[in-house]
Amino acid sequence: MMAVLVVTEKPSVAQSIARVIGAGERKDGYMEGNGYLVSWCIGHLVELAQPDAYSDAWKKWNYECLPMIPEQWQTEVKSGTAAQYKVLKNLMHNDRVDTVVEATDAGREGELIFRLVYDQAGCRKPIKRLWISSMEESAIREGFANLQPGSDYDNLYHSALCRQRADWLVGLNGTRLFTVLYGGKVLKVGRVQTPTLAMLVEREEKIRNFRKEPYYTAHILAGGMDAATEKIAEKVQAESIAAASEGKTATVVSVTKEKKTVQPPKLYDLTTLQRDANRIFGFTAKQTLEYTQSLYEKKLVTYPRTDSQYLSDDMEDTARNVIGAVYKAILFEEPSGAEPDVRRVMDSKKVTDHHAIIPTMEIAKADLATVPEGEMRILSLAANRLLCATGEKHEYETVRAELDCGGAVFSVSGKSVIRNGWKDFEAALKRSYKTTEDKEKEDRKLPELSEGMVFEGVRTNVTEHFTQPPKHFTEDSLLSAMERAGAEDMGDDVERKGLGTPATRADVIEKLVKDGFVKREKKQMLPTEDGVKLITVLPDVVKSPQLTADWENALTLVAKGEYPMQAFMDGITDLVNGLVQTYHSISDEQKSMFGGGAQEVFGKCPKCGGDVVKGKFGAYCKNKCGMNVSRAMGAALTDSQVKSLLDGKKILVKGLKGKKGSYDAYLIPEGVEDFSYTKDGKEVKGSQYKVKLEFPKKKK
């Protein structure tokens, strides 16, 4: 009996799919039944090999071995998840299996996760692709009824390989190059994270260099209105205008009324959802992605990692049904009476891989009381956005009046709402969550005014104001800046603008925080001192948002088969070669920027002749040649013991561990020997001191 092997990205997704297709029998690392075997990855099971897998020279962190550009890319199984990889490999080679269904997440990374395992396992069986935007049972059934040939997604896989290899080349070469040059802490360079950090540093620079300037306005108070002059630079001038108007008559010289409309917002893609969740609830981009992913796996919302804000043209009935379910399950308010305008949010041309994020019909059946609060807030946002996006336009009228008094012109404006439209839904959400968002200042409604109206005996005053610096980035505004980066320099026909993809931006921000280059203060994202220094020393080519935005666009074209993979990789290789050739030495003063210049040198490494220096975790060889200079015979050495051994002198080490207990001995260095052992299934190799033992004479 032949079987189909289905491979998902996560165990939880495997269970959902197995339930729908009838594979109910639990086995070790997979489920079976109804002619299907369903197994799973655990994120990336296979990754690109580290430099030391390619050559011994690449084990060392030194300038001579750069650039590292593999001729043949090597991959390796991640040690922590090797057992699950083995399960998949065995299933792929199982004689019963004739077809493999790729059911990893329907996007660039999901494609990479599956294909790397498939290639590493040496599988040659035909691939069918499951491509779905929702984990609902109906979507899974429909997806299995419409499986696509795996080859349709070859270009998507090529773009994923380009992304992964470009990150390896720029990240590992850039990081080693600048770390070796500056010789202090590890200076992380990344294809997307460095330009993101550069935007933060540039903004802080503008804020730091900002000089606030005072300005003044003169006011008249009449008929319950406060009308003001334009900005005035000098206080004396503002005071003389006020004095000339005090107690005088003000006349209305013009009244301008304008009707304005605010169109409903678009539906959420991942970035706009992350921005709103940060602005309204203070969630980080990573939290929002995790909550949305969890809701997706619970079948309550559609696929999160999308960059579309539209639904496809065949979704009209689905959208209407979901809106009905939202009213019943989440909103608990009466429908507004207006018919939702579903057609406005539909446009198949603007849906690439996945449509916008909306709730699913599952919300009508699920017990929402069991959904954790963070996830419930995200679900409420997505539900509310669907109502807003299909709601009526918001209409209001603005009134601007100019008054003449004492020969000066004062203006005042006000607004009144004609129809609240979609903003009713927004207000309902804010009421239910008492949100932390900054309150908008209310525009006053003005009295009915007409030209020629007169106000007697006006009062006056003068107010002082200051020019405002640019604002610090919040995660909301940073995500927006990442999304728009480089956009003003690109034509409208460009496929993808910006830094990173909706799926990767959250991780990039978290990495910068974890590596100590950015810190969170309340809602603000601020570069640390090291972050500012790093951007100061890095060349434009690795920190230019424009360049990275160009790469993202090129990756999208690779995925569509419109740009060759080789051309993309050639460009990245040229960049890395150029970097290494251009940056080969720096001044001693620059070396000490990251604490690299002031390191104490203990002596020369007995293996490679490099400097052995004092580090945070003990002595180490600056060439990172694999020599363990901080231990001997299993004992940790003091600074003075390290110096003595490097000098070829004998040292007394107490408490060495032996079979019969501990003992003291003199260690006499006699060169270097290699060692290797296996830990967690991985081979650990290196070099250590070769020593001769001499025992202290016993006291009589």
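Two strands count as paired if DSSP finds at least two bridges between them, and the helices (H or I, at least four residues) and strands (E, at least two) are DSSP runs numbered from the N terminus. Keep that in mind as you select Gly33, which stands opposite Tyr36 in β4.

Before moving on, a word on the model. It is predicted, so to speak, with local features needing pLDDT of at least 70 and side-chain atom pairs counting only at pLDDT 80 or more, while totals for chains, interfaces and linings use all residues. Residues are numbered from 1 along each chain as its sequence is written, and side-chain values use heavy atoms, leaving out hydrogens and water.

**Stop 1: the sheet**

Stay with Gly33 and Tyr36, then select residues 30–33 (β3) and 36–40 (β4): these strands run antiparallel and are joined by four bridges. Now widen the view to the open sheet of seven strands, with mixed pairing and the order β2-β3-β4-β1-β7-β8-β9. At its edges, pick out β2 (25–26) and β9 (148–149), each of which pairs on one side only.

**Stop 2: two helices**

Select 108–120 next. This is helix α3, lying across β1 (3–8), β7 (97–103) and β8 (127–129). Its direction is at about 155° to β7, where axes are lines fitted to C-alpha atoms, for helices over the stretch in contact, and angles run from 0 to 180 degrees between N-to-C directions.

Then go to helix α1, residues 11–21. Which of its residues are buried (under 20% relative accessible area, 1.4 Å probe, protein chains only)? They are Val13, Ala14, Ser16, Ile17, Ala18, Val20 and Ile21. These pack against β1, β3, β4, β7, α4 (137–145) and α9 (285–297), with contact meaning heavy atoms within 4.5 Å. Just after α1, click on Gly22 to find a positive phi of about 85°.

**Stop 3: a buried serine**

Jump to Ser687 in strand β26. Ser687 is buried, with a relative accessible area of 1%. Leaving aside residues up to four places away in sequence, Ser687 touches Lys607, Gly626, Met627, Asn628, Val672, Glu673, Asp674 and Phe675.

**Stop 4**

Finally, select Asp52, Lys59, Gly626, Lys685 and Gly686, the closest to the centre of the second largest pocket among the 26 residues that line it. β26 gives the most to this lining, with six residues.

Definitions and conventions:
On a 1 Å grid over the protein atoms alone, a cavity is a set of points where a 1.4 Å probe fits but cannot get out, and a pocket is an open set with protein on both sides within 12 Å along at least five of seven lines; lining residues have an atom within 4 Å of a point. Buried means under 20% relative accessible area, exposed over 50%, partly exposed in between (1.4 Å probe, protein chains only).
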